[in-house]
Amino acid sequence: MIPIFYSDEFLEHDTGSYHPECPGRLTAIKTHLENQPWSDQLVWRSPTPITQQSASEAGDRLQTAIAAAHPPEHVGLIRRLAEKGGGHVDGDTPVSARSYDVAQLAVSAWLDGVDTVLHSQRPAFALVRPPGHHATATRAMGFCLFSNAAIAALYALRQPNVNCVAILDWDVHHGNGTQAIVENNPQIRYCSLHEFPHYPGTGSRTERGEHDNVLNIPMSSGSTLEEYDVAFRQEVIPFLQGDGAMLPRQADRPDLLIISAGYDATKADPLAHISLQPEDFGRFTRYCLEITPKILFGLEGGYDFEAIAHSVAATLAPCLTLV
């Protein structure tokens with residue numbers, strides 16, 4: 001069985017009908033997954049609630065995890081905007097009255113995913129919004145409020161027998177926020193494939209991290225599976241599994257692989273210019289399973305409803321052979 005962490009509360013992060021990062025993304029994915037012939041292999045789970053946080057063990061876990069990546073000033077800004085009924089952090093990044101709670105619940109889903117994968121040693125998927133990989137420690141941007149993948153990685157390192165976490169970001173945009181938070185941590189390696197030059201303008205090959213633990217692979221506009229295949233075989237897999245890394249600790253295979261699973265690299269997506277097909281993400285999953293079955297997928301971008309729904313299904317299908 002593959003756990004899918006999802007809640008209807010994620011639909012309450014209201015970005016406005018004009019905005020590409022909208023609730024329809026999740027409803028399209030959920031509907032498509034429920035109509036797959038293997039839908040009985042999916043277990044839909046609600047994230048640990050955030051209510052009464054100060055009085056609950058789960059709440060302490062959540063606040064501690066967020067604080068490891070974001071200072072109180074950043075968290076407070078998002079909270080105050082929501083309490084005032086909403087507003088914009090920047091022109092791309094709205095906050096509604098429910099966004100603060102929903103963004104925390106999204107983090108909770110990623111943390112639940114970490115716990116589940118480490119316990120079962122099998123994949124799980126956090127089907128959440130808002131996304132997170134553009135959020136830096138001190139700035140929400142690019143539709144993102146909290147840095148979900150970075151928070152999850154730092155949280156995982158506090159769990160027993162976890163010494164190395166790898167993050168693979170295949171969203172079409174560079175995960176500048178994730179990288180900025182983890183690039184100085186020798187226990188985390190971060191790899192991103194992204195259209196370049198493109199928003200947010202970061203992610204050049206010269207960005208390697210303090211411990212040579214960052215690998216950016218800029219992809220040209222129009223790139224197809226052929227170019228991605230070469231990148232996976234020659235660079236992504238060796239880097240994520242620690243081949244040739246500088247530090248002894250980095251020579252270990254990861255105890256957890258976190259995937260920032262964005263689907264805006266599909267040819268149908270309106271916000272980018274890469275030419276992948278939904279079924280290509282199944283091949284990416286198979287590559288990742290060569291590294292470890294302990295994989296947490298977490299939703300990032302992807303703004304064509306049909307393409308993102310089919311892409312998530314293709315991502316999960318290879319995991320069925322493990323259960």
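In helix H8, the buried residues are Asp280, Phe281, Gly282, Phe284, Thr285, Tyr287, Cys288 and Ile291. Here, buried means under 20% relative accessible area, exposed means over 50%, and partly exposed covers what falls in between, using a 1.4 Å probe and protein chains only. Helices are DSSP runs of H or I with at least four residues, strands are runs of E with at least two, and both are numbered from the N terminus. The cover over the buried residues of H8 includes strand E6 (165–169), H7, strand E9 (256–261), strand E10 (295–299) and H9. This is a predicted model, so local features need pLDDT of at least 70 and side-chain atom pairs count only at pLDDT 80 or more, while totals for chains, interfaces and linings use all residues. Residues are numbered from 1 along each chain as its sequence is written, and side-chain values use heavy atoms, with hydrogens and water left out.

Next come the helix neighbours of H8. Helix H8 (residues 280–291) packs against helix H9 (residues 305–316) at an angle of about 30°, and their axes are 7 Å apart. Axes are lines fitted to C-alpha atoms, for helices over the stretch in contact, and the angles run from 0 to 180 degrees between N-to-C directions. H8 and H9 are therefore roughly parallel to each other; that label goes to angles under 35 degrees, with over 145 counted as roughly antiparallel, 65 to 115 as roughly perpendicular and the rest as oblique. The crossing of H8 and H9 is right-handed. A crossing gets that name if the near helix is turned clockwise from the far one by less than a right angle, and is called left-handed if the turn is anticlockwise. On the H8 side, Phe281, Gly282 and Thr285 meet Ser311, Ala314 and Thr315 of H9, where contact means heavy atoms within 4.5 Å.

H8 also packs with helix H7 (residues 225–240), this time at an angle of about 20° and with the axes 10 Å apart. H7 and H8 are therefore roughly parallel to each other, and their crossing is right-handed. From H7, the contact uses Leu225, Tyr228, Asp229, Phe232, Arg233, Ile237 and Leu240, while H8 brings in Asp280, Arg283, Phe284, Tyr287, Glu290 and Ile291.

H9 has another partner in H1: these two helices pack at an angle of about 50°, with their axes 8 Å apart. H1 and H9 are therefore oblique to each other, and H1 passes H9 in a right-handed crossing. Gly24, Arg25, Ala28, Ile29, His32 and Leu33 in H1 meet a set of H9 residues that includes Phe305, Ile308 and Ala309. Leaving aside residues up to four places away in sequence, Ala28 touches Phe305 and Ala309.

What about disulfides? A search of the whole structure finds 0 of them, a disulfide being a pair of cysteine sulfur atoms within 2.5 Å. Cys164 is buried at 0% relative accessibility, but its sulfur is 13 Å from the closest cysteine sulfur, in Cys191, so the gap is too far for a bond. Cys319 is buried as well, with a relative accessible area of 0%, and its sulfur is 9.2 Å from the closest cysteine sulfur, in Cys288, again too far for a bond.

Finally, a few spots in the backbone stand out. The peptide bond from Arg129 to Pro130 is cis, with omega near 5°, and Pro130 sits in the loop between strand E5 (124–126) and H5. Another cis peptide bond joins Phe196 and Pro197, with omega about 0°; Pro197 is in the loop between strand E7 (188–195) and strand E8 (214–219). Asp212, found in the loop between E7 and E8, has a positive phi near 55° without being a glycine. Asn161 is not a glycine either, yet has a positive phi of about 65°. Asn161 lies in the loop between H5 and E6 and is exposed, with a relative accessible area of 70%.
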